[in-house]
Amino acid sequence: MRQKSTLHCLALGIFRRAENSQELLESTQYWQLKVEMEVAIDSLEGLMKAVSIAPDLIFLDALIPPIEQVHLIHYLSKNKDTQRIPILVDEGFIKLHPGVLTLADENNGARPPLSDNLKIELEKGLIELNPLIVAYPATSSEHDPAWGHRSRHELLESVFVEALSRKCL
């Protein structure tokens, strides 16, 4: 059994493309927190890996389409093996949600509509009120005072640590 500590974690990154994972993998090498990162290149692979490896946290790439992120969060939150795992989600996605659902439906006519159960859960705050959903900064802005003098990579490390602390609640 893997020893849990605040200095080491097993993370699962679900990405849109393989090259998107490289930046995060490289930046974690410089963190004080030691991260062993498993990578999935699509949502289905990510769901299967999440159940099989039971990571300490799950990182959703900001480039995953919004409707796909909603479904990932829904399924991860419902599965008994993954429902207590913190999920790191792009802060822009969280700010746009749930309005992003309407936009995603309009822009993608080929997708089936959301089930009534999922719509009800979203209205009840599946994402906004879930303490295991943690926002991360997808992009940095030199003009944003919240960033201060820290790089995106430094901020991401603190987000990972925050997510791990929420898992212990």
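Trainee: Of the 169 residues of the chain, what percentage counts as buried?

Mentor: This is a predicted model, in which local features need pLDDT of at least 70 and side-chain atom pairs count only at pLDDT 80 or more, while totals for chains, interfaces and linings use all residues. Residues are numbered from 1 along each chain as its sequence is written, and side-chain values use heavy atoms, with hydrogens and water left out. Buried means under 20% relative accessible area, exposed means over 50%, and partly exposed lies in between, with a 1.4 Å probe and protein chains only. By that rule, the buried share of the 169 residues is 43%.

Trainee: Why is strand β1 described as largely enclosed by the rest of the structure?

Mentor: Strand β1 covers residues 8-14, and the reason lies in how many of its residues are buried. It is largely enclosed because the number of buried residues in β1 is 6 of the 7.

Trainee: Which residue of β2 is the bridge partner of Leu12?

Mentor: Two strands pair if DSSP finds at least two bridges between them, and β1 pairs with strand β2 (residues 34-40) in the parallel sense over 7 bridges. Within β2, Gly13 stands opposite Val39, while the bridge partner of Leu12 is Glu38.

Trainee: Which residue in β3 is the bridge partner of Ile14?

Mentor: Strand β1 also pairs with strand β3 (residues 57-60), in the parallel sense and over 4 bridges. In β3, the partner of Ile14 is Leu60.

Trainee: Is the β-α-β unit of β1, helix α1 and β2 right-handed or left-handed?

Mentor: A crossover is right-handed if, with the strands pointing away from the viewer, the path from the first strand over the helix to the second runs clockwise. Here the helix is α1 (residues 18-28), and the unit that it makes with β1 and β2 is right-handed.

Trainee: Which residues does Arg17 contact, leaving aside neighbours within four places in sequence?

Mentor: Arg17 sits in the loop between β1 and α1, and with a relative accessible area of 40% it is partly exposed. Its C-alpha atom is separated by 8.7 Å from that of Leu63, although the two residues are 46 residues apart along the chain. Contact means heavy atoms within 4.5 Å, and the residues in contact with Arg17 are Ile41 and Leu63.

Trainee: In which arrangement do the rings of Trp31 and Phe160 meet?

Mentor: Rings of Phe, Tyr and Trp (its six-membered ring) pair if their centres lie within 6.5 Å, with planes under 30 degrees apart counted as stacked, over 60 as edge-to-face and the rest as tilted. By this rule there are 4 aromatic pairs. For Trp31 and Phe160, the centres are 4.9 Å apart and the planes stand at 75 degrees, so the pair is edge-to-face.

Trainee: Is Ala54 buried, partly exposed or exposed?

Mentor: Ala54 is found in the loop between α2 (43-53) and β3, and it has a positive phi of about 45 degrees although it is not a glycine. Because its relative accessibility is 36%, Ala54 counts as partly exposed.

Technical notes:
Helix = DSSP H or I, 4+ residues; strand = E, 2+ residues; numbered from the N terminus.
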